[in-house]
Amino acid sequence: MIKKFDILVVGSGPAGSAAAFTAASAGLSVALIDKAAFPRDKLCGGGITGRCASALSQVFGQEITPDLFLTSQRVRLFSQGALLADVRDAPPIHMTMRRDFDAVLHAQAKAAGAQVFAPARIADLDPATGVARLGDGQILQGQLIVGADGANSIVARALYGKAQRYRDVAFGLEVELPRDTVDGDMVDIDIGAVAWGYGWVFPKRGSVTVGVCGTHVRNPDMRAVLDRYANQGPAMVRALSSAQCKGAFLPTGWRLGAPGEGRVLLVGDAAGLVDPLTGEGIGWAIRSGELAAQASIRALGAGAPGAAIRHYAAEIRYVQDEIRIAGRIARLAYTRALRPIFARTVRDNPKMTRNALRLLAGQFDYQDFGLAFAGRITRRMGRAVLAR
Ligand SMILES: Cc1cc2nc3c(=O)[nH]c(=O)nc-3n(C[C@H](O)[C@H](O)[C@H](O)COP(=O)(O)OP(=O)(O)OC[C@H]3O[C@@H](n4cnc5c(N)ncnc54)[C@H](O)[C@@H]3O)c2cc1C
């Protein structure tokens, strides 16, 4: 027997839960399918910026609460271990464990009325008919499918034959260490730790995440990069030796054309919506899930499911443009020949650095301020070169 739904949402990370929550709250019948039962682990720094916190509040009504997040306003920027800036009044960054965070969003989608199929693997998916066969033999059909199944999306593969574009995928490797490995609540970011990427230390409520992330093609031995970066004193080296490292891909902008086709809408990582400068993806995952659900509600309400992808493509363009501009700034910060000049410019221009942190935290959009910022930093970098 085929179970019929308005929408099949494949994947219940932030993107899928946002889509399912929004669509189910509007009265659509939603199947929410995930290969894992919740709570489940997800490799991630768990850094929630202001941009993401707004999406969380607007889409789910979920606020930043101390039971789920550790908030820090102190950010230290380094380049290969050398301190560039110590900003004590940075825009707040909230750090969370994805196991707990995703479980809260998943529960909200379920409470809104989405029918959960988890743990359930998709054995077979036909984008043309909207039919999905699960590993246990159940057959589901949706008028629309939302592909929210992350960086290795099988929905994207069913459409395009692949889930990522090799040249712009980033790879992150991280490790969860005991909380007392570091003192205090400051966030450390080292823009010289990785080729075309950065290293980070994110304190959380019960642990500290140490990670490195950069373009995959430029970092063939990421484990060596992590070992080098984590060589920050005996406590960290000792903790690292007995901890388990895990890695995962970040698709930074691979489908910046139409994110889907026919009855399929791709969201979050499945649509490549990861910021190429910062690796931030949770906020855009939530936003894109919401936008895909709204496009679906509108199209199904008009009896024209085929129009959903058109509505969604129009709405998601703003997010795609944000990612494009972030890519341009990433070229200034990460291109090998420019990186030392960029680092010096950060060190010598504290006001500009503060504004950059506000941009990264989502207090301005890249489209409002990012291009002007890129122009300003290019001029300052030019002056730094001439002054040598
Ligand atoms: C090392 C690392 C550090 C990061 N740090 C940050 C950070 O600090 N801040 C930030 O904003 N972003 C960060 N990101 C990016 C962020 O993790 C992602 O952008 C975000 O999780 C995307 O959400 P999503 O819902 O699209 O996908 P995911 O969160 O990956 O969720 C996909 C869901 O789909 C399910 N699924 C997968 N395949 C199937 C299938 N075949 N059938 C059914 N279900 C399936 C999975 O179980 C999962 O629940 C980081 C990423 C990495 C790798």
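Buried means under 20% relative accessible area, exposed means over 50%, and partly exposed lies in between, computed with a 1.4 Å probe on protein chains only. By that rule Ser 79, at 16% relative accessibility, counts as buried.

The model is predicted: local features need pLDDT of at least 70, side-chain atom pairs count only at pLDDT 80 or more, and totals for chains, interfaces and linings use all residues. Residues are numbered from 1 along each chain as its sequence is written, and side-chain values use heavy atoms, with hydrogens and water left out.

**Domains**

Domain bounds here come from an automatic or database domain assignment. For the protein chain that assignment gives domain 1 (2-70 + 95-164 + 254-324), domain 2 (167-251) and domain 3 (337-386). Between the C-alpha centres of domain 1 and domain 2 there are 27 Å. Contact means heavy atoms within 4.5 Å. On that basis, 24 residues of domain 1 are in contact with 22 residues of domain 2.

**Nonpolar cores**

A nonpolar core is a set of buried Ala, Val, Leu, Ile, Met, Phe, Trp, Tyr and Cys residues joined through side-chain atoms within 4.5 Å. In soluble globular proteins, nonpolar side chains tend to be buried together. In this model the largest nonpolar core has 68 residues, and Val 9, Ile 33, Ile 286 and Tyr 312 have the most contacts inside it. Helix 7 (residues 282-301) supplies the largest share of this core, ten residues. Another core, of 42 residues, lies apart from it, and its members include Leu 70, Trp 196, Tyr 198 and Ala 343. Helices (H or I, at least four residues) and strands (E, at least two) are DSSP runs, numbered from the N terminus.

With residues up to four places away in sequence not counted, Ile 33 touches Leu 8, Val 9, Val 10, Gly 11, Ser 12, Phe 117, Ala 120, Ile 122, Leu 134 and Leu 140.

**The second largest pocket**

On a 1 Å grid over the protein atoms alone, a cavity is a set of points where a 1.4 Å probe fits but cannot get out, and a pocket is an open set with protein on both sides within 12 Å along at least five of seven lines; lining residues have an atom within 4 Å of a point. Grid points are joined across faces, edges and corners, and a volume is the space filled by probe spheres set on the points.

The second largest pocket holds about 610 Å³ of space. Its lining has 25 residues, and Gln 80, Gly 192, Ala 193, Val 194 and Arg 339 lie nearest its centre. Strand 5 (75-79), strand 13 (187-190), helix 5 (222-229) and helix 9 (339-348) each give at least two residues to this lining. Helix 5 gives the most, with four residues. Ala, Val, Leu, Ile, Met, Phe, Trp, Tyr, Cys and Pro count as nonpolar, Asp, Glu, Lys and Arg as charged, and the others, Gly among them, as polar. The lining then divides into eleven nonpolar, seven polar and seven charged residues.

Gln 80 lies in the loop between strand 5 and strand 6 (82-87). Gln 80 is exposed, with a relative accessible area of 66%. Ser 79 belongs to strand 5; leaving out residues up to four places away in sequence, Ser 79 touches Leu 84, Asp 190, Ile 191, Gly 192 and Ala 343.

**Backbone features**

| Site | Feature | Angle |
|---|---|---|
| Phe 38 and Pro 39 | cis peptide bond | omega about 0° |
| Ala 118 to Pro 119 | cis peptide bond | omega near 5° |
| Gln 80 | positive phi, other than glycine | phi near 50° |
| Trp 196 | positive phi, other than glycine | phi near 55° |
| Gly 61, following helix 2 | positive phi | phi near 70° |

Pro 39 lies in the loop between strand 2 (30-33) and strand 3 (47-48), and Pro 119 is in the loop between strand 8 (115-117) and strand 9 (122-126). Trp 196 sits in the loop between strand 13 and strand 14 (197-203) and counts as buried at 19% relative accessibility.

**Two further residues**

Thr 353 is in helix 10 (residues 350-360) and counts as buried at 3% relative accessibility. Beyond its neighbours within four places in sequence, Thr 353 is in contact with Leu 77, Ala 85 and Val 346. Gly 135, in the loop between strand 10 (131-134) and strand 11 (139-147), counts as exposed at 60% relative accessibility.
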